[in-house]
Amino acid sequence: MSTGFLLIVVIVLTSCGSSAPEASRKLSGSDSLVITFNKPNSDSVLNTVITTESKAISKLAAFIDGKSTEQKNCGYDGNMIFYSNGKVLLPVVFKFNEDSCRHFLFEMDNKVITTSINNEAVDFFKSLAVGKNWY
């Protein structure tokens with residue numbers, strides 16, 4: 001009986017883990033990234049950051065794998081497009097300037113996914129938005 005219970009627990013844990021979005025794994029082959037920051041409450045571009053720096057790409061890919069959250073209707077501050085060999089791997093929109101509404105939004109495996117943005121990611125975005133490009 002305990003062996004059956006253990007088997008059920010392993011199956012449940014395995015199935016739960018495999019259903020979680022793993023954007024950073026999908027993006028591990030990314031070789032470039034374009035981030036566009038919009039002017040507040042508009043679609044006008046404020047700043048664009050382009051990088052091939054693997055450290056920055058990995059850091060942003062890890063941020064996207066944050067905790068799942070509900071999709072909010074509060075606009076977006078910009079978008080990121082991850083590339084590999086000139087092909088789009090994943091477009092992501094984000095909102096970070098409003099404390100009550102911070103999230104990433106992207107589609108993976110035909111599902112719309114919304115994850116929260118942590119304080120470290122907010123600080124990173126703020127520095128990139130004003131033109132600092134150190135990672």
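A residue counts as buried under 20% relative accessible area, as exposed over 50%, and as partly exposed in between. Leucine 89, with a relative accessible area of 24%, is therefore partly exposed. The model in which this residue sits is a predicted one.

**Overall composition**

The chain contains 4 helices and 6 strands. Read from the N terminus, the order of elements is α-α-β-β-α-β-β-β-β-α. Of its 135 residues, 34% count as buried. The accessible surface of the chain is about 8,300 Å², and carbon and sulfur atoms account for 54% of that area. Taking contacts between residues at least 6 apart in sequence, 54% join residues at least 24 apart.

**The sheet**

The 6 strands form an open sheet with antiparallel pairing, in the order β2-β1-β3-β4-β5-β6. Strands β2 (45-51) and β6 (111-116) stand at the edges; each has a single partner strand, so one side of each lacks a neighbour in the sheet. From one strand to the next the twist averages 20°.

Strand β3 (residues 78-84) runs antiparallel to strand β4 (residues 87-98), and 7 bridges join the two. Within this pairing, serine 84 has lysine 87 of β4 as its bridge partner. Helix α3 (residues 54-64) packs on the sheet and touches β1 (32-38), β2, β3, β4, β5 (101-108) and β6. The direction of α3 makes about 120° with that of β3.

**Two strand residues**

Leucine 89 belongs to strand β4. Apart from neighbours within four places in sequence, leucine 89 is in contact with Lys26, Leu27, Gly29, Ser30, Phe82, Tyr83 and Ser84. Serine 28 lies 61 residues from leucine 89 in sequence, and their C-alpha atoms are 9.9 Å apart in space.

Valine 45 is found in strand β2, and strand β2 is one of the edge strands. With a relative accessible area of 46%, valine 45 is partly exposed. Its contacts, leaving aside neighbours within four places in sequence, are with Thr36, Phe37, Asn38 and Lys39. Valine 45 and glycine 78 are separated by 33 residues in sequence and by 8.3 Å in space, C-alpha to C-alpha.

**The nonpolar core**

In soluble globular proteins, nonpolar side chains tend to be buried together. Here the largest nonpolar core has 29 residues. Those with the most contacts inside this core are Ile35, Met80, Phe82, Phe104 and Phe125. At least two residues of the core come from each of β1, α3, β3, β4, β5 and α4 (119-129).

Methionine 80 can be followed in more detail. Not counting residues up to four places away in sequence, methionine 80 touches Leu33, Val34, Ile35, Leu60, Ile64, Leu90, Pro91, Val92, Phe94, Phe104 and Phe125. Among these partners, Ile35, Phe104 and Phe125 are also listed with methionine 80 as residues with the most contacts inside the core.

**Salt bridges**

The whole structure holds 4 salt bridges. Three of them are tabulated here.

| Lysine 59 | Glutamate 120 | 3.9 Å |

Lysine 59 forms a salt bridge with glutamate 120. This pair links distant parts of the chain, with lysine 59 in helix α3 and glutamate 120 in helix α4, 61 residues apart. Lysine 59 counts as partly exposed at 26% relative accessibility, and glutamate 120 is partly exposed with a relative accessible area of 47%.

Glutamate 98 counts as partly exposed, at 33% relative accessibility.

Conventions. Residues are numbered from 1 along each chain as its sequence is written. This is a predicted model: local features need pLDDT of at least 70, side-chain atom pairs count only at pLDDT 80 or more; totals for chains, interfaces and linings use all residues. Side-chain values use heavy atoms; hydrogens and water are left out. Two strands pair if DSSP finds at least two bridges between them. Axes are lines fitted to C-alpha atoms, for helices over the stretch in contact, and angles run from 0 to 180 degrees between N-to-C directions. Contact means heavy atoms within 4.5 Å. Buried means under 20% relative accessible area, exposed over 50%, partly exposed in between (1.4 Å probe, protein chains only). Accessible areas come from the Shrake-Rupley method with a 1.4 Å probe; for residues, only the protein chains shown count as cover. A nonpolar core is a set of buried Ala, Val, Leu, Ile, Met, Phe, Trp, Tyr and Cys residues joined through side-chain atoms within 4.5 Å. A salt bridge is a side-chain nitrogen of Lys or Arg within 4 Å of a carboxyl oxygen of Asp or Glu.
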